[in-house]
Structures are given as structure tokens and as C-alpha cells.
Amino acid sequence: MTDKLLILDGVSIYKDIKIPDLYLSSGELLWIETQNDLEADVFVSFMFGLFPLKKGRAWFSGMSINKNTDLPISYIDLSRWHPKSDTLEGFVKTMAYAKGMQVSYVLNDFKRILEGVGASYALDLSFDEMRSATKKIVSTCITLSMPQLLMILLDPFTGLDKENSLFLAEQIKKISVDGSSFIILSDTEVPVSAKHIKMGKLL
């Protein structure tokens, strides 16, 4: 048996695209510096079982990552997709209900985190009115309000000033103490507020 939550070892998927070797324990954080959005998309798609494994081994919480689409992984990216007719508050409620979580608790926590990063204004915007940076901030706040065993964040510090970045880093740290692990995908270097995060890089 292994105490590792996530093991990616020598993984290759379609067209021989390689996924970085990862060994992540419960409560650990890993920052993966990506070169472009495509690398992030491929990694996330693989983690959600959308690409079959060609080579190597890939295990998450004792389960094989190979077309397994029901793993306890949390990831939301509103900059690539968002519902057409839902309000932000309504979307959060729907997500919480779908995950079997207490809707009122999730919504209140989401609003608390959103305020903490200085983005409460997003509650008054439609999805079409949100800028790309705002969508990434909102996506991060939604993900953090619905903790899972593994949480994947995309460019979570984009558009945040130093104070708001420190608040966000503290939220991530608190959730990791409770046992959730984080993989952060970003095309930027780790900010000073998150220097405790382990480093990694996509191949």
C-alpha cells in the first residue's frame, strides 16, 4: 500500500503526449508551471478520465485514472465554459446541490471567499459581462467553497493584488490542512504569497 493520494508515473496518452510524473500525498500542494492553455487543458482532461492511458501508471485515491470520470476531483473553469442562462449565485447553488453538499453553507462560503479576494462585484455581473481574469477568480472561489480530495486550480492568483493574493493563499492552506490536496496550473511563477507550495513543471 502507498500513502500517496496521486501517483502519475511514466504516463503517456494519445499522440504520445506525456504527463509529468507526480507523487502527491494528502494535504500537499503542487504548482505546475504550464507553457500554454493547451497543456493545462490536456492535463485536466486526463485527470477527469477523458484521455485513455497508453503507457505508465496513474492512480488516484486507490483508483485507476483511465477513463474514470467519477473521481473526487474539483475543477471549474468559467473562462472556457459557462452556463448561458444562470446567474452566478444560481450556478453555485446548482453545483452544490449536484455534489450533495449543503447549498446554503456552500453559497455563504463562496461569498466569503469572493469578498476576501476583492471580487464581490462579480455577483452583479452576468457571465457574458465578466472579463477573463474575473472568470478565473470566480472559478477559484467556487472550487474552494466545495472541497474535494483533490482540487485543481487554474491561474488562481491572476488579477489579484498582494493583499488579496495573501488571503487566497491562506484559504488554500487552511483547506489543505483539512486533508485536501491541490494542483495549481499556471503560466506564471509562484507568487511570494504562495512560496510554501511545492514546485513542478509540465514536460
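This is a predicted model: local features need pLDDT of at least 70, side-chain atom pairs count only at pLDDT 80 or more; totals for chains, interfaces and linings use all residues.
User: In what order do the elements of the protein run from the N terminus on?

Analyst: The protein has five helices and nine strands, and of its 203 residues 48% count as buried. Among its contacts with a separation of 6 or more, 68% are accounted for by residues 24 or more positions apart. From the N terminus on, the elements run β-β-β-α-β-β-β-α-α-α-β-α-β-β.

User: Which strands stand at the edges of the open sheet of four strands?

Analyst: The open sheet has antiparallel pairing and the strand order β2-β1-β4-β5. Each of the two edge strands has a single partner strand, so one side of each is left without a neighbour in the sheet. The strands at the edges are β2 (22-25) and β5 (63-64).

User: Which residue of β5 does W59 stand opposite?

Analyst: Strand β4, which covers residues 55-60, pairs with β5 in the antiparallel sense, and two bridges join them. In β5, the residue that stands opposite W59 is S64.

User: What angle does the direction of helix α1 make with that of β1?

Analyst: Helix α1, made of residues 37-47, packs on the sheet and touches β1 (4-12), β2 and β4. The direction of α1 makes an angle with that of β1 of about 120 degrees.

User: Which element gives the largest share of the lining of the largest cavity?

Analyst: The structure holds one cavity of 30 Å³ or more, and about 50 Å³ of space lies in the largest cavity. Its lining is made up of Y75, I76, D77, K136, S139, T140, T143, I152, L153 and L154, and the elements that give two or more residues to this lining are α4 (132-145) and β7 (150-154). The largest share, four residues, comes from α4.

User: How do the residues that line the largest cavity divide into nonpolar, polar and charged?

Analyst: Among the lining residues of the largest cavity are I152, L153 and L154, together with S139, T140, D77 and K136. The lining divides into five nonpolar, three polar and two charged residues.

User: Which helix gives the largest share of the lining of the largest pocket?

Analyst: The largest pocket has a volume of about 230 Å³ and is lined by F48, I73, S74, Y75, I76, D77, W81, F91, M95, A98 and K99. The elements that give two or more residues to this lining are β6 (73-74) and α2 (88-98), and the lining residues divide into eight nonpolar, one polar and two charged. The largest share of the lining of the largest pocket, three residues, comes from α2.

User: Which residues that line the second largest pocket are the closest to its centre?

Analyst: About 160 Å³ of space lies in the second largest pocket. The residues of its lining divide into five nonpolar, two polar and three charged. Of the 10 residues that line this pocket, the closest to its centre are V44, S45, F48, L50 and Y75.

Conventions
Residues are numbered from 1 along each chain as its sequence is written. Side-chain values use heavy atoms; hydrogens and water are left out. Two strands pair if DSSP finds at least two bridges between them. Contact means heavy atoms within 4.5 Å. Axes are lines fitted to C-alpha atoms, for helices over the stretch in contact, and angles run from 0 to 180 degrees between N-to-C directions. On a 1 Å grid over the protein atoms alone, a cavity is a set of points where a 1.4 Å probe fits but cannot get out, and a pocket is an open set with protein on both sides within 12 Å along at least five of seven lines; lining residues have an atom within 4 Å of a point. Grid points are joined across faces, edges and corners, and a volume is the space filled by probe spheres set on the points. Ala, Val, Leu, Ile, Met, Phe, Trp, Tyr, Cys and Pro count as nonpolar, Asp, Glu, Lys and Arg as charged, and the others, Gly among them, as polar. Buried means under 20% relative accessible area, exposed over 50%, partly exposed in between (1.4 Å probe, protein chains only).
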